[in-house]
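Dear colleague,

I am passing on the structure we spoke about, and my notes on it follow below. Please look through the sequence and the coordinates before you read on.

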Amino acid sequence: MKSVIKFVVVDDEESCLNNVKDIIREVTFNLEEEVKIETFIKYSKKLEKEINNVSERKIYILDIQLDDKFSGIQVAEMIRSVDWESEIIFMTYHDKMFETVYRKVYEVFSFIEKFHDFRERLKKDLKTILKKNCDNKLFVYQSRNVDLKIYLKNILYIYRDKEERKVVIVTDNNKFTVGLGVQEILEFLDSSFAVVHRACIVNKTRVQKYHWTDKYFVLDTGEEVNMLSKKYKKEVLCSNEC
Amino acid sequence: MILYGLATIVGYLNLSWIYGITTNQKFNLKLRKVLIVVFLAIVSTIVSFKINVIAKTFYNLFAYFIMTKLFYNNDKKKLVYYTLLIWLIGGLFDVVSMSIVSAIIMLFYKKVTAIITVIATFILQIFLNLLFRIKYIRILSDKLYNKIEQIENIVWFYIVIVALFFLFGILAYFNIDNFTNGIMILFFIVLCLSISIYFVHTISIEKIYNETSKNLLENNSFFVDQNTKNRIFKHNIIHKLDGVKSVANDKSKKLLDDLIEEYNLTSSPSKEVDNLPNGINGLICQKIYSNKSKKVDFAINNYIKSELFDVLTPKKYNKLCETLGICLDNAITATLKTKEKILQIAILENQDNIFIKIVNTFKSELEIDEIGNLNYTTKTSGHGLGLYSIFSRKDVMVKTSIINNLFENQIIVKKNKIKA
């Protein structure tokens with residue numbers, strides 16, 4: 001059965017909607033996956049239902065300035081309340097106005113100005129998204145007071161806390177200590193992670209180099225981590241080749 | 001003697017069985033245990049024939065304790081109580097039945113033989129077994145046990161001591177003409193007395209210590225609890241006052257500013273800001289203004305049309321202001337440590353609720369399971385109160401999420417119900 005990629009376009013201008021649909025068809029012409037395109041001119045129950053259906057892989061293309069009580073920002077907010085895996089592209093008339101804050105807050109892939117090289121930019125962004133295969137899988141952990149969600153691609157490595165039965169998840173900017181063991185956390189991760197030490201799991205896609213003899217690895221951030229064991233060399237090399 | 005020994009074995013086994021019936025436990029007959037019972041019965045027979053009946057009676061009690069401990073795994077109090085109960089009732093029926101049987105036999109046969117004694121014993125054992133199967137006997141004995149279980153150990157100790165003295169008294173009476181035995185009994189009485197005085201003294205001191213420790217612990221716990229509440233009150237008062245200021249007129253604002261200065265609380269810059277908006281917007285503006293020089297990238301979206309003060313009860317409005325103040329302070333402190341310094345606030349509503357979402361970038365080392373616990377903080381000591389004080393609330397709820405490098409607090413408060 002073919003996998004499906006769905007494009008959801010929300011814009012109050014019909015002409016713009018049709019333009020975006022043409023660009024999508026052009027970019028996805030050669031794709032193996034089945035492509036579906038849903039268009040909306042404003043927020044509606046049907047759009048809400050679409051957002052809440054998180055079973056399909058989606059790419060949202062939203063106009064920020066919708067002629068309605070719900071703006072594109074609010075639609076993005078609704079999307080992110082249930083779905084952090086789909087990509088969002090904003091279309092806007094205003095240069096830079098919303099970019100910094102909302103790019104971060106809603107994990108927006110890009111902002112594209114409607115009257116400045118729109119077609120080419122949208123094509124380029126869609127190709128990039130499709131190429132990286134929408135890899136937005138999440139690690140989810142719930143404690144009594146907090147829900148933690150981290151993209152697996154943002155995790156650098158995970159190591160066991162020395163004092164207590166906990167692990168520390170190291171990302172680009174933060175460290176999170178959670179009440180799981182090393183073996184337990186493996187169930188939350190995918191094949192891009194490998195055990196490299198009895199107390200350490202690393203994201204292989206973030207490793208620049210392994211120094212097996214000196215027992216450390218170097219990440220793409222430049223950090224060196226002294227938790228590498230030859231015992232796991234064969235498995236890591238084998239999984240890299242596979 | 002053999003017949004008597006057999007009767008004793010049957011009696012011992014039956015009484016162990018009765019214990020199981022009374023306490024609703026299974027009576028498991030195993031060869032090893034039966035052999036131990038046989039041994040005890042043999043010793044009982046020897047004691048009865050070689051010493052005297054009184055010694056046999058007390059030996060039987062000792063043997064019953066051994067047997068119940070052998071067959072059943074109960075705590076000491078239960079074991080002692082039910083064994084004593086069965087021994088006493090059994091003993092009573094034994095005495096009564098033997099007296100009746102002896103009287104009848106003497107009347108008709110003029111002689112009591114061993115066989116007749118043994119048969120009478122078997123009949124008695126069957127009778128006792130049936131007696132303890134009666135539901136009401138079991139219920140009564142359980143009720144009595146429940147009452148006795150509440151008696152403290154010290155009282156049990158006194159009961160045992162009194163029983164021992166009573167026993168020594170009986171022995172002394174029966175040995176009144178034997179000087180050596182009398183001296184020995186007297187020696188044991190003095191020994192028991194000394195030990196009991198020592199134990200009473202130790203137990204009473206221990207009791208005093210326990211009471212004092214208990215009081216100290218309770219007082220300490222109360223003090224710690226009060227201290228925590230006091231710390232939380234002092235920590236949160238500034239936000240409460242900011243909430244009041246948000247709906248106050250100019251004169252009231254001046255008075256509140258004065259109070260804040262008087263109590264050395266972190267001052268709000270509202271007196272420096274001209275035309276501060278009313279309500280929640282004003283509260284947010286104060287926070288933004290106080291951090292204007294720190295280049296925080298603020299984005300505020302207020303999508304609601306209602307005036308919050310009108311759709312919430314005063315209590316909820318106060319708590320909302322307090323919660324919002326704490327969340328905003330935490331968000332600003334956290335975002336200042338990052339390169340991007342992003343803080344987004346969105347205020348939304350539906351028919352029933354008001355939602356305020358605060359999202360900020362952060363860079364930290366967090367213990368996820370500890371967030372919201374008392375005294376847990378990523379700042380210096382003396383903090384760790386804000387989130388703890390707001391998480392437990394039900395009327396103004398806070399949901400916290402961490403999504404990659406974003407920290408999100410969502411405040412949810414129910415609107416007033418509109419009367420029809």
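How many salt bridges does the rule find across the interface of chain B and chain A? Please bear in mind that this is a predicted model, and that every value in this message was computed from it. The rule finds two salt bridges across that interface, and one of them links Glu367(B) with Lys166(A), where the closest N and O atoms are 3.3 Å apart. Polar contacts between chain B and chain A, counted where both residues have pLDDT 80 or more, come to 19 residue pairs.

As for the extent of the interface, 32 residues of chain B are in contact with 32 residues of chain A, and the two chains bury about 2900 Å² between them, with 49% of that area on carbon and sulfur atoms. Of the area that chain B buries against chain A, 22% comes from Ile368(B), Asp369(B) and Asn404(B), which is more than any other three residues supply.

The side of chain B that touches chain A is made up, by class, of 14 nonpolar, 10 polar and eight charged residues. At least two residues of that side come from each of five strands of chain B, namely E1 (297-302), E2 (342-349), E3 (353-361), E4 (365-367) and E5 (396-403).

Two of these strands also pair with strands of chain A. E4(B) runs parallel to strand E10 of chain A (residues 175-178), to which three bridges join it, and within E4(B) it is Glu367(B) that stands opposite Thr177(A); Glu367(B) is also the residue that forms the salt bridge with Lys166(A). E5(B), for its part, pairs in the parallel sense with strand E7 of chain A (residues 146-151) over four bridges, and here Ile402(B) of E5(B) stands opposite Leu148(A).

Is E5(B) mostly covered or mostly uncovered? Six of its eight residues are buried, so by the cut-off of under 20% relative accessible area E5(B) is mostly covered.

Within its own chain, E5(B) is joined by eight bridges to strand E6 of chain B (residues 406-414), and these two strands run antiparallel. Val396(B) has Val413(B) in E6(B) as its bridge partner. The hairpin of E5(B) and E6(B) has two residues between the strands, and in it Asn404(B) takes a positive phi near 55°; Asn404(B) is also one of the three residues named above for their share of the area that chain B buries against chain A.

With best wishes

Definitions and conventions
Residues are numbered from 1 along each chain as its sequence is written. Chains are lettered from A and ligands numbered from 1 in the order in which they are written. This is a predicted model: local features need pLDDT of at least 70, side-chain atom pairs count only at pLDDT 80 or more; totals for chains, interfaces and linings use all residues. Side-chain values use heavy atoms; hydrogens and water are left out. Contact means heavy atoms within 4.5 Å. Buried area is the accessible area (1.4 Å probe) that two parts lose on being put together, summed over both. A salt bridge is a side-chain nitrogen of Lys or Arg within 4 Å of a carboxyl oxygen of Asp or Glu. A polar contact is a pair of N or O atoms within 3.5 Å; within protein, one must be able to donate a hydrogen and the other to accept it, and residues adjacent in sequence count only if both atoms are side-chain atoms. Ala, Val, Leu, Ile, Met, Phe, Trp, Tyr, Cys and Pro count as nonpolar, Asp, Glu, Lys and Arg as charged, and the others, Gly among them, as polar. Two strands pair if DSSP finds at least two bridges between them. Buried means under 20% relative accessible area, exposed over 50%, partly exposed in between (1.4 Å probe, protein chains only).
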